[in-house]
Amino acid sequence: MISKIEPIKVNIQLGNTPVAQTSFDLAMLLGVKAPKYFADVLSGESGLKFTSKTGGVVYINVVYAVSGNNTALSVARSGAGTSVAPYIIEVTVATNGSGEPTSTASQVKTAAEGVSDVNTIVDIALLGEAGSGVVEAVASSVLSYERYMEISEADDLLGLGFENTDLEYKKAQAFFAQNNAPSRLAVFLLTAWNQIETEIAALRNNGKDSWYKVFGTTNTKAEIIANSNYLASIKKRYVGLTSDITLLVGRNEERELLIFHSDPSNHPDARYLGDTVARQVGSYNPAYLRLSGVTNSGYSNSTTNSIINDKGNVIALFSGFQVFWPGITTGGAYDDVIDIRDWLQARLNEDVSSVFLNNPKIGYTTTSLALITTAMRDRFTAAGNSGMIAAVETDEDLTRSDLGDYQYKIIVPDFDSIPKNDRDNRVFPPIKFKVRLQGAINTVDIEGELD
């Protein structure tokens with residue numbers, strides 16, 4: 001034994017707690033394909049895949065029962081196929097004299113396919129090469145389908161029950177074909193377009209809420225309007241595509257970007273999001289974007305001008321290139337400006353939340369208040385470095401700047417003017433700011449004179 005003492009103790013604590021950060025680089029594709037529900041019962045040489053014959057919601061459970069000695073293999077179906085009384089495909093597994101199961105996956109498959117009540121509702125496939133493995137008891141396997149998925153290429157959908165002729169697949173192809181395409185795309189299947197509010201609310205309640213911009217497989221006016229209105233109500237963005245220019249009548253939604261194309265099967269909505277969603281917010285101008293694989297919207301000059309004047313977007317010919325134009329929402333704001341507004345709001349909320357979380361007390365003092373305004377200035381400087389906020393270039397610009405680098409000002413209430421009741425209730429009046437965005441030039445007139 002060795003005698004020792006430990007008079008010195010070192011404890012190291014993390015100085016800052018990170019705050020969850022809102023994502024702006026994940027788009028979501030909405031579809032209404034009716035997938036075929038399935039269940040993998042066991043695995044390997046003992047496994048079988050049960051797949052519904054029809055697409056859409058089904059209520060089917062598979063049960064393997066092992067009981068008794070020298071039991072014969074049999075399969076039966078019961079139930080009504082409803083949510084209250086689902087179909088039950090019950091496999092009574094063959095046993096030996098000791099009550100041990102002897103049925104292989106291949107034998108179960110053959111027996112099940114020989115029962116007409118079962119054969120009419122499911123297809124059955126071996127998970128192993130020969131199905132030679134002996135099965136065991138399974139309490140219940142429910143045929144189901146994960147309607148939300150994240151993919152890294154269009155072909156990922158082929159392994160999830162999609163065909164290469166499905167609109168969801170073609171949209172994903174156009175999305176990932178872009179040079180700036182992100183590494184992932186969320187796909188969510190609604191049971192019907194009129195279920196968007198209920199089903200997306202449930203999706204978000206389940207923690208699937210990191211997506212920001214949304215597009216869909218529908219080109220129908222009423223469905224686009226319903227999708228856009230709902231997504232705007234939850235602070236998301238919707239990019240709609242149609243050939244129906246009457247869609248613009250009465251539309252005035254700043255979170256909505258509508259693209260018009262005489263051939264929606266070219267999928268310029270997917271191409272636009274594939275090119276832009278992974279770019280740094282504020283780093284690009286949507287006007288003049290050249291999207292990979294895009295074709296001209298195919299309207300006359302007068303129709304094109306009418307669409308643009310009514311705050312729609314098209315693919316138009318410019319200097320020999322097909323370009324996106326002009327990048328405006330039906331609310332009249334440019335697409336990138338709405339992104340910047342949402343990004344700044346999210347980041348400032350995160351920055352200020354971090355100040356409160358990582359300090360034991362924010363006192364009612366100028367020193368404590370400086371922690372908040374410093375976090376705000378750091379964020380504005382970062383936004384300026386990213387091309388969102390205009391830089392100071394002239395003496396007049398300086399009048400709109402706190403630090404002389406970018407054009408923003410933070411306005412803090414005078415402590416002496418704050419009512420005592422607010423101080424007693426620990427309420428601080430609004431801290432305000434003014435920011436001049438860098439913006440972009442879309443059009444220019446050049447005038448000259450020749451002598």
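**Figure 1. Thr276 and its contacts in the predicted model.** Leaving aside residues up to four places away in sequence, Thr276 touches Tyr284 and Leu289. You'll find Thr276 in helix H6, which covers residues 268-276. Is Thr276 buried or exposed? With a relative accessible area of 2%, Thr276 is buried, because that value falls under the 20% cut-off.

**Figure 2. Ala80 in its loop.** Here we're looking at the loop between strand E5 (74-78) and strand E6 (87-92), where Ala80 sits. Which residues does Ala80 touch, once those up to four places away in sequence are set aside? They are Ala85, Pro86 and Tyr87. Tyr59 is worth a look too: Ala80 and Tyr59 are 21 residues apart in sequence, and their C-alpha atoms are 8.8 Å apart in space. As for accessibility, Ala80 has a relative accessible area of 48%, so Ala80 counts as partly exposed, a class that lies between 20% and 50%.

**Figure 3. Helix H5 and what its buried residues pack against.** Helix H5 takes in residues 221-233, 13 residues in total. From first C-alpha to last, H5 reaches 19 Å, close to the 18 Å expected at 1.5 Å a residue. Which residues of H5 are buried? They are Ile224, Asn227, Ser228, Tyr230, Leu231 and Ala232. An α-helix has 3.6 residues a turn, so residues three or four places apart point the same way. Just past the end of H5, look for Lys235, which takes a positive phi of about 65°.

**Figure 4. Stepping back to the whole protein chain.** The protein chain has 11 helices and 17 strands. How does its radius of gyration sit against that of a compact globule of 451 residues? The chain comes in at 30 Å, whereas the globule would be near 22 Å. Along its principal axes, the C-alpha trace spans about 100 × 90 × 45 Å. Of the 451 residues, 43% count as buried. Among contacts with a separation of 6 or more, 63% join residues 24 or more positions apart. The accessible surface comes to about 23600 Å², with 49% of that belonging to carbon and sulfur atoms. On the charge side, there are 38 positive and 52 negative charges, and their mean positions are 6 Å apart.

Key
Residues are numbered from 1 along each chain as its sequence is written. This is a predicted model: local features need pLDDT of at least 70, side-chain atom pairs count only at pLDDT 80 or more; totals for chains, interfaces and linings use all residues. Side-chain values use heavy atoms; hydrogens and water are left out. Helices (H or I, at least four residues) and strands (E, at least two) are DSSP runs, numbered from the N terminus. The radius of gyration is taken over C-alpha atoms; the globule rule is 2.2 Å times the number of residues to the power 0.38. Buried means under 20% relative accessible area, exposed over 50%, partly exposed in between (1.4 Å probe, protein chains only). Contact means heavy atoms within 4.5 Å. Accessible areas come from the Shrake-Rupley method with a 1.4 Å probe; for residues, only the protein chains shown count as cover. Lys and Arg count as positive and Asp and Glu as negative; His and the chain ends are not counted. The place of a charge is taken as NZ of Lys, CZ of Arg, CG of Asp or CD of Glu. The expected span of a helix is 1.5 Å times one less than its number of residues.
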